[in-house]
Amino acid sequence: MRFLLFLGKGIKMLSIFYGDMPKAIYDPVIYFKNTYTDDWIMDDLSREMIQDVDRSVVLGPRVIDSPVFGGISPRELSGGVKTLIAIYKCPKKIFNASACGDNCAKWILKIGQMQDVTINLRHLMDFGDETFQVKILNTDQIVCSMDELLPIAGLIV
């Protein structure tokens, strides 16, 4: 297990708390519905996440072209994309990211590289084969791969 001793100013980190976490926003989809603004949708990273996860194209702040449904509003995006955007736009809040599938994992890692963010997970998410840095809050350990993450998270979840 590698521990990072150089965590200081300038290093951004994704932190994960596994299991029940009372202060986490349990339903990020409802939070998104009641909180998002047009600029959340028009942001470049949000547009990329919408394109990748939902295969949809943002045409404007209130119109998204879905290959399945045609023209939709941001409220009709998938729960995974809504959760990703909420995590990105409200980094001081803790969201239950279990609404996200594994197709959202790379975006959660990317957001964690851009800003300090904490998420709550109630399942084992597959973060892929690449190396990464994630702090597991339950054990105060930093892991750098799925091989390191699985034994720890598997005992908790």
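Predicted model: local features only at pLDDT ≥ 70, side-chain atom pairs only at ≥ 80, totals over all residues.
**View 1. Helix H3 packed against helix H4.** Two packed helices are described by the angle between their axes and the distance between the axes. Here the axes of H3 (residues 44-54) and H4 (residues 79-89) come within 10 Å and cross at roughly 160 degrees. Angles over 145 degrees count as roughly antiparallel, so H3 is roughly antiparallel to H4. The crossing of the two helices is right-handed. On the H3 side, the contact is made by Leu45, Ser46, Met49, Ile50, Val53 and Asp54. These residues meet Val81, Leu84, Ile85, Tyr88 and Lys89 of H4. Taken together, the residues of this contact divide into eight nonpolar, one polar and two charged.

View 2. H6 covers residues 146-156, and its buried residues are Met146, Glu148, Leu149, Ile152 and Ala153. Seen down the axis of H6, these residues fall within an arc of 145 degrees, so they line one face of the helix. An α-helix has 3.6 residues a turn, so residues three or four places apart point the same way. Asp147 and Leu155 are exposed, on the face of H6 turned away from the buried side.

**View 3. The buried face of helix H1.** In H1 (residues 28-35), the buried residues are Pro28, Tyr31 and Phe32. Their directions, seen down the axis of H1, fall within an arc of 100 degrees, so these residues line one face of the helix. Among the elements that cover them are helix H2 (38-42), H4 and strand E5 (95-96).

Methods
Residues numbered from 1 in each chain as written. Heavy atoms only, no water. Axes fitted to C-alpha atoms, helices over the stretch in contact; angles between N-to-C directions. Helix = DSSP H or I, 4+ residues; strand = E, 2+ residues; numbered from the N terminus. Parallel < 35°, antiparallel > 145°, perpendicular 65-115°, else oblique. Left-handed = near helix turned anticlockwise from the far one by under 90°. Contact = heavy atoms within 4.5 Å. Nonpolar A, V, L, I, M, F, W, Y, C, P; charged D, E, K, R; others polar. Buried < 20%, exposed > 50% of the residue type's maximum accessible area, 1.4 Å probe, protein only. Arc of directions from axis to C-beta.
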